[in-house]
Amino acid sequence: MAAFSRTSKLAKIHAGRTVPHGQAGFTLIELLVVLAILGLLAAVVGPQVLRYLGSSKTQAAAIQSKNIVAALNLYKLDVGGFPNQQEGLQALMKAPAAAPFWNGPYLPDPGALIDPWRNAYHMKAPGDHGEVDVFSLGSDNAPGGSGDAKDVGNW
């Protein structure tokens, strides 16, 4: 019995063979198979994740622009109209001189006026799509575009 316990301390069973203590591990082929599987997963899943992240920024910009329009409607109720182009969306955060009944700030955070691509939202009143348009120019911050670069607004 003592011989058995001594042998069990010095050797381990690894994949059906006895290996000296401290010599157990993975073979090079096992490591290469794991790396190949990880490479395949990255090749298949990576583009899907990037596409998902791009569409989620577009969706977030659409929702945020609608939230800004809701704040603009509250501003309009208090002041009597939308801010002009010179006052812009900053009128939601700081009272313009020509707005005595301003009751804001109408948004909780100045960061709400920044789109997911870290550019400022734009406002047009009267808008092309309604009373007021709030929009982001997309990832390229230029009018037009497609995919991630398309304009996203409250329309």
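**Aromatic pairs and one glutamine**

A: The structure holds three aromatic pairs; rings of Phe, Tyr and Trp (its six-membered ring) pair if their centres lie within 6.5 Å, and planes under 30 degrees apart count as stacked, over 60 as edge-to-face and the rest as tilted. The model is predicted, so local features need pLDDT of at least 70 and side-chain atom pairs pLDDT 80 or more, while totals for chains, interfaces and linings use all residues. Residues are numbered from 1 along each chain as its sequence is written, and side-chain values use heavy atoms, leaving out hydrogens and water.

Q: How do tyrosine 75 and tyrosine 106 pair up?

A: Tyrosine 75 and tyrosine 106 are edge-to-face, 5.7 Å centre to centre with 70° between the planes.

Q: Are those two buried or exposed?

A: Both tyrosine 75 and tyrosine 106 are buried, that is, under 20% relative accessible area, with exposed meaning over 50% and partly exposed in between (1.4 Å probe, protein chains only).

Q: And what about phenylalanine 135 and tryptophan 155?

A: Phenylalanine 135 and tryptophan 155 form a tilted pair, 6.0 Å centre to centre and 45° between the planes. Phenylalanine 135 counts as buried because its relative accessibility is 17%, whereas tryptophan 155 is partly exposed at 44%.

Q: New topic: what does glutamine 64 touch?

A: Not counting residues up to four places away in sequence, glutamine 64 touches Ile114, Asp115, Pro116 and Tyr121; contact means heavy atoms within 4.5 Å.

Q: How far is glutamine 64 from aspartate 115?

A: The C-alpha atoms of glutamine 64 and aspartate 115 are 7.7 Å apart in space, and the residues are 51 apart in sequence.
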